[in-house]
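Subject: Structure handover

Hello,

Please find the structure below. My notes on what was found in it follow.

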Amino acid sequence: MSSPTIWSAGRYEAVAQRIANISEEVLDAAEQRRPLRDIGLVDLACGTGNAALSAAARGARVTGVDITPELLALGAQKAGGTSVNWVTADASATGLPPASFDVAVSNMGIVFVEPTAQVAEIARLLAPGATLAFSTWVRGTDNPFYDPIVATLGAPPDRGYSPDQWGEPAIAEARLAADFDDVSIRSGWHTWQFASHAAAMTFVTEESPMHVDVLGRVPGSTRDNLVAAFDQALRAHSDDRGAVSFDVRYAVVAATRR
C-alpha cells in the first residue's frame with residue numbers, strides 16, 4: 001500500500017483536507033511530551049503535508065517524507081513561505097541520517113507501511129529520548145468505505161499486517177516494545193460528512209486514491225457491482241436532507257525513544 005502509483009490516483013488532497021484535524025491531534029500529542037519549537041521533526045508518509053506544515057508553523061524544523069512526488073509537489077505549493085524540507089523516499093527507508101530528529105510524526109501514513117521495517121527506520125531516525133506520535137484507523141463493525149470492497153471482491157490477501165492493526169493496543173505496544181517506552185494510545189471518533197449522496201460517491205469514485213486505485217484494477221462488470229455496493233452502503237448513512245454522515249474510530253499513538 002506504499003506504492004506511489006496508488007497515492008497519486010484520484011485526488012489525495014480531498015482526503016487530506018478531511019483528516020487535517022487529526023494531524024493537529026498528533027502534533028498536540030507530540031507537544032505534550034516536548035515543545036516543538038526549534039526541534040528537528042520528520043513527518044513520515046506526509047502526503048500533501050498537513051502535519052508537516054502545521055509543525056513548521058509551531059516553530060519546528062521540519063522534513064516531510066513521502067514516496068509519491070506528486071503529493072510532495074502539492075505540499076510545496078501549499079507551503080507558500082513556510083520552510084519544509086521535502087524528501088521523496090519510502091517512509092521505511094528514508095536515507096536520512098541516523099538519530100537526526102527529536103520528533104517523528106505521521107497522520108494516517110506509516111500505518112500503510114510494513115510495520116517491522118517502519119518501526120526500525122523510525123527508531124534509527126530518532127535520537128534517544130525523542131518522541132514518536134502518529135494516528136491510525138481502528139477496525140470497526142460498519143465502514144461504508146471498506147465493507148463494499150470485501151463484499152464484492154472478497155477479503156484482501158493476507159500480507160501479515162493491515163493499517164488498522166495499529167489501532168489495537170496490544171499490537172501497537174508489542175511492535176514498539178523493543179525501541180520505545182511510555183506508549184500511550186488515545187482513541188476518538190472521526191466523522192466523514194458529505195453534503196449529498198452524490199458528493200460521497202464522487203469522493204469514492206474520483207477522489208480517494210485507494211478507492212480509485214481499486215476501481216481501476218477490476219473489470220467493467222465487477223467495477224459496476226462495486227460502485228453499486230458503495231452506493232447502497234452510503235445511502236444507508238443518508239439523512240432526510242440527503243446528506244451522508246458516518247463515524248469511524250481512530251487512535252493517536254505516542255511513545256518515547258529509548
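Which strands does helix α9 lie across, and at about what angle does it run to β6? Helix α9 (residues 197–207) lies across β6 and β7, and its direction is at about 130° to β6. Helices (H or I, at least four residues) and strands (E, at least two) are DSSP runs, numbered from the N terminus. Axes are lines fitted to C-alpha atoms, for helices over the stretch in contact, with angles from 0 to 180 degrees between N-to-C directions; contact means heavy atoms within 4.5 Å.

This is a predicted model, in which local features need pLDDT of at least 70 and side-chain atom pairs count only at pLDDT 80 or more, while totals for chains, interfaces and linings use all residues. Residues are numbered from 1 along each chain as its sequence is written, and side-chain values use heavy atoms, with hydrogens and water left out.

The sheet

Seven strands make up an open sheet of mixed pairing, in the order β3-β2-β1-β4-β5-β7-β6. Two strands pair if DSSP finds at least two bridges between them. β3 (84–88) and β6 (180–194) are at the edges with a single partner strand each, so one side of each has no neighbour in the sheet. From one strand to the next, the twist averages 15°.

Strands β5 (residues 126–137) and β7 (residues 244–257) run antiparallel and are joined by seven bridges; A133 is opposite A254 in β7. Strand β2 (residues 61–66) runs parallel to β3, with five bridges between them, and T63 is opposite N85 in β3. Together with helix α5 (residues 69–79), β2 and β3 make a right-handed β-α-β unit. Right-handed here means that, with the strands pointing away from the viewer, the path from the first strand over the helix to the second runs clockwise.

Around α9

The buried residues of α9 are H197, A200, M201, F203, V204, T205 and E207. Buried means under 20% relative accessible area, exposed over 50%, and partly exposed in between (1.4 Å probe, protein chains only). The cover over these α9 residues includes α2 (12–18), β6, α10, α11 (220–235) and β7.

The axes of α9 and helix α10 (residues 209–216) come within 6 Å and cross at roughly 65°. In this contact, V204, T205, E206 and E207 of α9 meet P209, H211, V212 and L215 of α10.

The core

The largest nonpolar core has 78 residues, of which L41, V105, F180 and W192 touch the most other members. β7 gives the most to this core, with eight residues. Such a core is a set of buried Ala, Val, Leu, Ile, Met, Phe, Trp, Tyr and Cys residues joined through side-chain atoms within 4.5 Å. Neighbours within four places in sequence aside, V105 is in contact with V26, L27, A30, L41, V42, D43, L44, A51 and A133.

Two alanines with positive phi

Most residues other than glycine have a negative phi. A45 has a positive phi, near 50°, and is in the loop between β1 (40–44) and α4 (50–57). A45 is buried, at a relative accessible area of 16%. A99 also has a positive phi, of about 50°, and lies in the loop between β3 and β4 (101–107). With 44% relative accessibility, A99 counts as partly exposed.

Regards
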